[in-house]
Amino acid sequence: MKNKIKALRAERQMTQDQLAKKAGISRPTLVMIENEKAIPDGKTIAALVKALGVPANVIFLDLDVV
């Protein structure tokens, strides 16, 4: 699933560890999602939305709005 997690995380100057902890997921899970090797479930999407402070469509759709 195409996403902008890595770019959004970098904008917020967060490490993978920091974002994973804030979202309540493991770092390996975050890495897999960032690298588009895993598709997050609804609960994980909601956690990433909350942790990054942006709507899901900004994270997971190919939008220029960040």
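View 1. Leaving aside neighbours within four places in sequence, R9 is in contact (heavy atoms within 4.5 Å) with M14, T15, Q16, L19, E34 and L52. R9 is found in helix α1; helices here are DSSP runs of H or I with at least four residues, numbered from the N terminus. With a relative accessible area of 11%, R9 is buried, a term that means under 20% relative accessible area, with exposed meaning over 50% and partly exposed in between (1.4 Å probe, protein chains only). This is a predicted model, in which local features need pLDDT of at least 70 and side-chain atom pairs count only at pLDDT 80 or more, while totals for chains, interfaces and linings use all residues. Residues are numbered from 1 along each chain as its sequence is written, and side-chain values use heavy atoms, with hydrogens and water left out.

**View 2. Packing of helix α2 against helix α3.** Helix α2 (residues 16–23) and helix α3 (residues 27–34) pack at an angle of about 105°, and their axes are 9 Å apart. Axes are lines fitted to C-alpha atoms over the stretch in contact, and angles run from 0 to 180 degrees between N-to-C directions. The two helices are therefore roughly perpendicular, the class for angles of 65 to 115 degrees. Q16, D17, L19 and A20 of α2 meet R27, L30, V31 and E34 of α3. By class, this contact has four nonpolar, one polar and three charged residues.

**View 3. The largest nonpolar core.** This core has 17 residues, and those with the most contacts inside it are I5, L19, L30, L48, L52 and I59. A nonpolar core is a set of buried Ala, Val, Leu, Ile, Met, Phe, Trp, Tyr and Cys residues joined through side-chain atoms within 4.5 Å. At least two residues come from each of α1 (5–11), α2, α3, α4 (42–52) and α5 (56–60). Helix α4 gives the most, with four residues. Not counting residues up to four places away in sequence, L48 touches I5, L19, A23, I25, L30, G53, I59 and F60.

View 4. T44, I45, L48, A51 and L52 are buried in α4. They lie on the same side of α4 because they cover an arc of only 130° around the axis, taken from the directions from the helix axis to the C-beta atoms. The cover over these buried residues includes α1, α2, α3 and α5. On the face turned away from the buried side are the exposed residues G42, K43 and K50. G53, whose phi is positive, near 75°, follows α4.

Key
Angles under 35 degrees count as roughly parallel, over 145 as roughly antiparallel, 65 to 115 as roughly perpendicular and the rest as oblique. Ala, Val, Leu, Ile, Met, Phe, Trp, Tyr, Cys and Pro count as nonpolar, Asp, Glu, Lys and Arg as charged, and the others, Gly among them, as polar.
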